[in-house]
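Hi there,

Here is the structure I promised to pass on to you. Please have a look at it first, and then read my notes below.

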Amino acid sequence: MPVSKSVGARIKRREDPRLIQGLAHYVDDIKLPNLLHVAILRSPYAHARINGINTDAAQNLSGVKSVVTGDDVKDVIGGIPCAATDPEGFPGIKVPHHPVLATGKVRFVGEPVAAVAATDAYIAQDALDLIEVDYEPLDAINSAEAAFADGAPVIHEDWDDNMAFTWSIAGGDVDAAFAEADHVVSQRIDHQRLVPNPMETRGVVAQYLPGKDQLNLWSSTQIPHLLRTQISVMLSMAENHVRVIAPEVGGGFGCKLNVYAEEALLGHMAKYLGQPVKWIEGRRENFLHTIHGRDQTGDVELAVKDDGTILGLNYTVTADVGAYYQLLTPAIPTLTGLMLCGSYTFKNVQMNLKAAFTNKMATDAYRGAGRPEATYLIERMIDVVAHDLDLDPLAVRRKNFIGKDAFPYETGTALAYDSGDYTAALDKALKIADYEALREQQAELREEGRYLGIGFSTYVEICGMGPSAAMPAGGWESSTVRVDPTGKVTVLTGVSPHGQGQETTFAQLIADGLGVDIDDIRIIHGDTDAVQYGIGTFGSRATAVGGTAMVHAMGKVKDKVVDIAAHLLESNPQDIVIEDGKYCVQGAPESGLTLGEIAMVAHVGVELPEGTEPGLAESHFFEPPNFTYPFGTHIAVVEVDADTGEVEIERYIAVDDCGNIINPLIVEGQVHGGIAQGVGQALYEEAIYDESGQMITGSFMDYALPKAHNFPRFELANTVTPSPVNPMGVKGVGEAGTIGSTPAIANAVIDALKPFGVRHIDLPLRPEKLWKLMQET
Amino acid sequence: MRLSGTHTIGATVERAFELLIDPEVLARCMPGCDKLEHRADGVYDMAVSAGIGPVRGKYTGRVTLSDIQPPERYTMVVDIKGTTGFVKGQGVVELAPDGENTRISFEGDVQIGGPIAAVGQRMHASAARLMTRQLFGAIDKEARASEG
């Protein structure tokens, strides 16, 4: 796609002035008359029977309007939905009822037990202290291993064990690959549980208008339309009487791609109390009761030839999915299975997954969602193969890369990689890094007892989600483009953003496409009463799918504009061009018409060509024919301090290929944040539950997020391999940084510790772990 | 969480034992103790205020002494809960003469749950050590004061 005026330019985000001046409106900024504040009582036990709840004292506290428990709402609010429970896909899947407030039993620390609505948030919080719950503690399960142990307590008593579901995928002939192999390289690999931690926690405001029988629900969500559908089902309301609004959303990373108890609970409370209600999630609540990510442990085996050629892969894995399913819980590990072959040619692949119920919060989509597990696994294993066979990890990668002429490339897991040139990205990254010099520097420093490490990740990921046939809840996207009589352009998009910058990138596409000033374009999203149905922003899909829907709608508008212009200019549509912001006959811009002039004609309706409808608005629903597959090479250069075990990131080079780029600033921003989150997994973050099922990393004092001072200035570059899947040739870049960076850092740290004979270390690579390893040898 | 330690009290074993199971003394000496009332044989109702970092709260519940073998040992079970979580513990306290003083050793298991468990977990052990040191230090003071 050629850089014309806007597309491809480093345009500052149009969203940022309001964000940095405190002028944005988040859920907590919604103020309504007679607003009640809701606080949620949460289980302090991981697993316990509820023998009784006494709410009398709380009810009697001055200012308390209402206290509700599970028994009060169990018949009026349906269960929290899960969209991925098809027994054909997940043989033997158990789908437990997931109540909005616990009844009979609590199954994880933080599970909602009761809710208080009061005239202010402090009274509501104080009232929680007055609710007496008679718990009978039961033994808790804090790992998949414990869940499957003989005699383990059963979390859902409708069944007799804790096996949640199984899933498997197989391609090629794995047995033959292992029979043919010169070596079988094995490793147990752990993907620790993580907390997504968006800057804005969740929050809900609900208002019921009895005269219209209408529920207005403001929620910090990535999926306003899917939420509207689910809320209408949970509350037995007609869907066209429910309006969901996602106002400014301060980050999500997948954790707001969900339907939560509080959303339905507040909708219900607003209706039965006849007053609007607000609940803003506290940070400690967020740790306990907003979905977690990852949490897989598995054994991987690679069938390898002497020269490093990989013949096949076998992955046997357990996933700890927590006590209940959230919206997509079972689907997440399936993305791991699909991407196990990475950027490599082997097609004999197999994954067998067992998922366990445990007394923890549910896992679900967290930035990368299943793909970071696959990429970390294969990229880490490439280095283990190199270690075991005494080969260069780069040589192993090059030996197994899918060649650039092989696309579209069908993988052993039946995906069709759209386009790629993995060698080009690697070569570019090596050049930026000055790789040979780095290896020399590493050798010199080792002489001095200093441990520099260089790590690679030559990732490929799946995004632009995706064809509806492959998605649990629709994979298409929608847009309406309309031109007002004065020529201002309004875009409605189904991809409600939470920090991705659609108001900028989408406007860039319109500015070039319709020949209007970017300031004359407004992007509307997140209000189900304003926007036609859409799916939402996740899976790095907003531009590739939502942007494409908009470009198609814009194309229809433009065809009409050109028809009208040709009619007015007494010319033919094929002779009309845009020059200097005017629609004109080629070579005659002085007699051209602005979009505003044409739009006015369209709305006045008297000078239109015969048979042309008045007005100027078009919609398009786009169904993508395939996923997109961004790729790239990340190189991390780290030094491990021999005295403290601390890891210092000296350099970080990322060459990402996300297809054509609409706004390099936004791409870089996504890559920066993505790398930071991937580094968090590699070095710092871990959600830990103790043996009694208490989450002992439930604050920022105990859960280490990476901070700005942990990073050098990133060295970023791109290669551009357009995607054939959409007309813009874009792929998506929201998750690439997270997917690519974790293995690069891990491989760099383990490379640094090569003199100590280290082959593999599980994440996170904390100083104490590394220091102990260095002391042992 | 395992909890163990030793402390020395400036009193005979008999006197130290008396002090240790005297609810009035314990109520005075236990950090944050708002109430300790005898309910039945070896059973006391307790209310304490305690906190770690930002998580502070009031806890109420029961302390039960059993297997009482004066002046050598007893078993103590604590089961308290409050707005910021719960604490459950069980331990054995042993007394032995140490010259003119008494050496107290204790060993037990403590389970902490709810909001207090999620914050400052790495500080729980040191906070518990600090509180037991304060408790036994105060009892030591009482012993020396009642002698003088």
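What follows is a short tour, from whole chains down to single residues.

Before you start, please note that this is a predicted model, in which local features need pLDDT of at least 70 and side-chain atom pairs count only at pLDDT 80 or more, while totals for chains, interfaces and linings use all residues. Residues are numbered from 1 along each chain as its sequence is written, and chains are lettered from A and ligands numbered from 1 in the order in which they are written.

**Chain A as a whole**

Chain A holds 20 helices and 27 strands. Both kinds of element are DSSP runs numbered from the N terminus: helices are H or I with at least four residues, and strands are E with at least two. The C-alpha trace of chain A spans about 85 × 75 × 45 Å along its principal axes. A compact globule of 777 residues would have a radius of gyration near 28 Å, and chain A agrees with that at 27 Å. (That radius is taken over C-alpha atoms, and the globule rule is 2.2 Å times the number of residues to the power 0.38.)

How much of chain A is buried? Buried residues make up 56% of its 777 residues. Here a residue is buried if 20 or more other C-beta atoms lie within 10 Å of its own, exposed if 12 or fewer, and partly exposed in between, with C-beta atoms placed from the backbone. Of the contacts in chain A between residues at least 6 apart in sequence, 80% join residues at least 24 apart. Two residues are in contact if their C-beta atoms, placed from the backbone, lie within 7 Å.

**Its domains**

The domain assignment of chain A gives domain 1 (35-138 + 197-289), domain 2 (163-195 + 295-393), domain 3 (401-409 + 419-463 + 628-777) and domain 4 (467-622). Such bounds come from an automatic or database domain assignment. The C-alpha centres of domain 1 of chain A and domain 4 of chain A are 39 Å apart. Their contact takes 19 residues from domain 1 of chain A and 16 residues from domain 4 of chain A. On the domain 1 side, helix 7 (224-234) and strand 11 (242-245) of chain A are the elements that give two or more residues. The largest share of that side, four residues, comes from helix 7 of chain A. By class, the side of domain 1 of chain A that touches domain 4 of chain A has 11 nonpolar, five polar and three charged residues. In this scheme Ala, Val, Leu, Ile, Met, Phe, Trp, Tyr, Cys and Pro count as nonpolar, Asp, Glu, Lys and Arg as charged, and the others, Gly among them, as polar.

**A pair of helices and two residues**

Helix 11 (residues 371-389) of chain A and helix 12 (residues 393-400) of chain A pack at an angle of about 115°, with their axes 8 Å apart. (Axes are lines fitted to C-alpha atoms, for helices over the stretch in contact, and angles run from 0 to 180 degrees between N-to-C directions.) Ile382(A), Asp383(A), Val385(A) and Ala386(A) in helix 11 of chain A meet Pro393(A), Val396(A) and Arg397(A) in helix 12 of chain A. This contact has five nonpolar, no polar and two charged residues.

Is Val396(A) buried or exposed? Val396(A) counts as buried because 23 other C-beta atoms lie within 10 Å. Not counting residues up to four places away in sequence, Val396(A) touches Gly308(A), Ile382(A), Val385(A), Ala386(A) and Leu391(A).

Tyr409(A), found in strand 16 (residues 409-410) of chain A, is also worth a look. Tyr409(A) is buried, with 20 other C-beta atoms within 10 Å. Leaving aside its neighbours within four places in sequence, Tyr409(A) is in contact with Ile402(A), Ala416(A) and Tyr417(A).

Chain B has four helices and seven strands, in the order β-α-α-β-β-β-β-β-β-α-α along the sequence. Buried residues make up 29% of its 148 residues. The contact between the chains takes 14 residues from chain B and 14 residues from chain A. On the chain B side, the elements that give two or more residues are strand 6 (85-98), strand 7 (101-113) and helix 3 (115-118) of chain B. By class, that side has six nonpolar, eight polar and no charged residues.

Enjoy exploring!
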